[in-house]
Amino acid sequence: MADLIEELGIEGAIAASSVSTDASKYENDANVEQAWAVNCFRQAETYFKLISAVDPSGLRLTSQDEQIYSEYTTRFGELKIDNINESELKSNDSKAKWREFCNLFEKSVEDFNFGTLLRLNSSKDYTEENTTIVPRVQFYAIEIARNRRGLNDCHRKKTDA
């Protein structure tokens, strides 16, 4: 918490501590938005460090990986996930299908709909141009598939060289 206070100040740290609370209870508060952004970035940074340090094919992101992957392949098996087209991902039709998918995990995946940063191109790092926001369980589904298909292996190889 001391690091958070140092980074965000007292008001920001207080806002950050409430980020995990139901979003419908908040109006647009710059401190909450900043705390949310910091939290998302930290999660993204941690995940990227993880896939850069270990063999991604062996990672378990949740206790529900098998069920998430099974539902994902059944519903979205043909989705091109190496370099995702953001317009297609965010189309009304796609959003409806993903919403139905995400809701399957409402009770079994913690913070299943929490906004999470997803890399559009799996071969690249998180950058403003290569990032979009998706619900957490959608991030899990795509990243579990990328890990199992070897699409994140290139990051480990970069650090092994």
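The largest share of the lining of the second largest pocket comes from α5, with five residues. Helices (H or I, at least four residues) and strands (E, at least two) are DSSP runs numbered from the N terminus. The model is predicted: local features need pLDDT of at least 70, side-chain atom pairs count only at pLDDT 80 or more, and totals for chains, interfaces and linings use all residues. Residues are numbered from 1 along each chain as its sequence is written, and side-chain values use heavy atoms, without hydrogens and water.

**Exercise 1.** Describe the second largest pocket and its lining.

Solution. Start with the term. On a 1 Å grid over the protein atoms alone, a pocket is an open set of points where a 1.4 Å probe fits, with protein on both sides within 12 Å along at least five of seven lines; lining residues have an atom within 4 Å of a point.
- Volume: about 250 Å³, taken as the space filled by probe spheres set on the points, which are joined across faces, edges and corners.
- Lining: 13 residues, with K95, W98, R99, P135 and Q138 nearest the centre.
- Elements: α5 (92-103) and β2 (131-135) each supply at least two lining residues.
- Classes: seven nonpolar, three polar and three charged. Here Ala, Val, Leu, Ile, Met, Phe, Trp, Tyr, Cys and Pro count as nonpolar, Asp, Glu, Lys and Arg as charged, and the others, Gly among them, as polar.

**Exercise 2.** Work out how α5 and α6 pack.

Solution. Take the geometry, then the contact.
- The axes come within 9 Å and cross at roughly 95°. Axes are lines fitted to C-alpha atoms, for helices over the stretch in contact; angles run from 0 to 180 degrees between N-to-C directions.
- α5 and α6 are therefore roughly perpendicular. That label covers 65 to 115 degrees; under 35 is roughly parallel, over 145 roughly antiparallel, and the rest oblique.
- W98, F101 and C102 of α5 meet V137, Q138, A141 and I142 of α6, where contact means heavy atoms within 4.5 Å.
- Six of these residues are nonpolar, one is polar and none is charged.

**Exercise 3.** Classify the packing of α3 (residues 65-76) against α6.

Solution. The angle is about 85° and the axes lie 9 Å apart. That makes α3 roughly perpendicular to α6. D65, E66, I68, Y69 and Y72 of α3 contact V137, Y140, A141, I144, A145 and R148 of α6. This contact has eight nonpolar, no polar and three charged residues.
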